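Please open the structure in your viewer and get ready to select a few residues. We will go from stop to stop together.

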Amino acid sequence: MNDLVGRYFDAAISHLQRVREEEAGTIEAAAALLAEAITEGRRVFTFGAGHSSLPAQDVVYRAGGLVPMNLLNVPGMAGVTVMPAPLASALERVSGLATAGLDHTPATAGDVLFVISLSGRQVMPVELARHARERGLTVIGVTSLAYPGEVPSAHPSGTYLKDHCDVVLDSKIAVGDGELTHPAAQTTFGPVSTVVTSALMQAVVASAVGRLADAAAAGTGDAPPLFRSGNVPGGTEWNVRQMNDNAERIFYTY
């Protein structure tokens, strides 16, 4: 195996193991909030800007995922779909854009919002998390706590995403988001932030599903509302029923 390939996989595995061990408590805290929201019929939203939108999308409308998970799709923020691509970075610094996006959803007090931002320093995630909490939503932040203290906040308040959350999941990604070096490369490369953040999100969902399933087995709750793969017999029909049963909590279908 190419040395850089091996080093990349080693870095990703090592990082995942560290997060597994050091974030176990916060994963369970976030899972408890998510399971409670599902049990109480609340709505759940996920948000990330740029590449942080990828882990947000990864838990929405997918096989094995919880049905009532919704992407807060702020224009220009879903990956690198906006043209020119640098415009997305500029939009993340625009005040009022994400909060207007949230205000135009049916989100109400008691609902849950996951806000994903690697640095947690830009205007949009800070403003969105603060606004959501003011409206009574439960906010779960997924960020790297390596950034505060090393990189100044871009928000006028000087605060970071971590300062406006009920629970913070620390991805522990180093400033710069590069795990590899090469003598002839002028910067680090080989980011693992998407791998690690997606794993954190899926771990929270897995734990929440377990809590819901345990309650169902004990006769104190309903089976967790889960999607099946549309590529297995009966999967599409199953998913239609799930979406019909949860129609008041999902906003990615009509």
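Here is a short tour of this predicted model.

**Stop 1: Phe 227**

Start by selecting Phe 227, which sits in the loop between helix H7 (193-217) and helix H8 (235-245). Is Phe 227 buried or exposed? Its relative accessible area is 4%, so Phe 227 counts as buried, a label for values under 20%. Now show what surrounds this side chain. Leaving aside residues up to four places away in sequence, Phe 227 touches Tyr 61, Arg 62, Ala 63, Gly 64, Gly 65, Leu 66 and Val 67, among others. Its contacts also include Trp 238, Asn 239, Met 243 and Tyr 252.

**Stop 2**

Next, select Val 5, Phe 9 and Ile 13, which make a nonpolar surface patch of about 280 Å². Phe 9 belongs to helix H1 (residues 3-22), and with a relative accessible area of 47% it is partly exposed.

**Stop 3: salt bridges**

Twelve salt bridges are found in the structure. Side chains of opposite charge can pair when their charged atoms come close.

Stay with helix H1 and select Arg 18 and Glu 22. This pair forms a salt bridge, with 3.2 Å between the closest N and O atoms. The two are four residues apart in the helix, which means that about one helical turn separates them. Both are partly exposed: Glu 22 has a relative accessible area of 45% and Arg 18 one of 39%.

Now go to Arg 133 and Asp 166, whose closest N and O atoms are 3.3 Å apart in another salt bridge. This pair links distant parts of the chain, 33 residues apart: Arg 133 is in helix H6 (residues 123-134), and Asp 166 is in the loop between strand E4 (138-143) and strand E5 (167-170).

Then select Lys 162 and Asp 163, whose side chains meet in a salt bridge at 2.8 Å, N to O. Finally, select Arg 18, Glu 22, Glu 23, Asp 170 and Lys 172 together: salt bridges with shared partners join them into one network.

**Stop 4: a cavity**

How many cavities of 30 Å³ or more does a search of the whole structure find? The search finds one, and the largest cavity holds about 30 Å³ of space. To see its lining, select Gly 48, Ser 53, Leu 71, Leu 72, Asn 73, Val 74, Met 77 and Ala 78.

Note on methods. Residues are numbered from 1 along each chain as its sequence is written. This is a predicted model: local features need pLDDT of at least 70, side-chain atom pairs count only at pLDDT 80 or more; totals for chains, interfaces and linings use all residues. Side-chain values use heavy atoms; hydrogens and water are left out. Buried means under 20% relative accessible area, exposed over 50%, partly exposed in between (1.4 Å probe, protein chains only). Contact means heavy atoms within 4.5 Å. Patches are made of residues with over 30% relative accessible area and no salt bridge: like charges are joined within 9 Å, nonpolar side chains (Val, Leu, Ile, Met, Phe, Trp, Tyr) within 5 Å. Accessible areas come from the Shrake-Rupley method with a 1.4 Å probe; for residues, only the protein chains shown count as cover. A salt bridge is a side-chain nitrogen of Lys or Arg within 4 Å of a carboxyl oxygen of Asp or Glu. On a 1 Å grid over the protein atoms alone, a cavity is a set of points where a 1.4 Å probe fits but cannot get out, and a pocket is an open set with protein on both sides within 12 Å along at least five of seven lines; lining residues have an atom within 4 Å of a point. Grid points are joined across faces, edges and corners, and a volume is the space filled by probe spheres set on the points.
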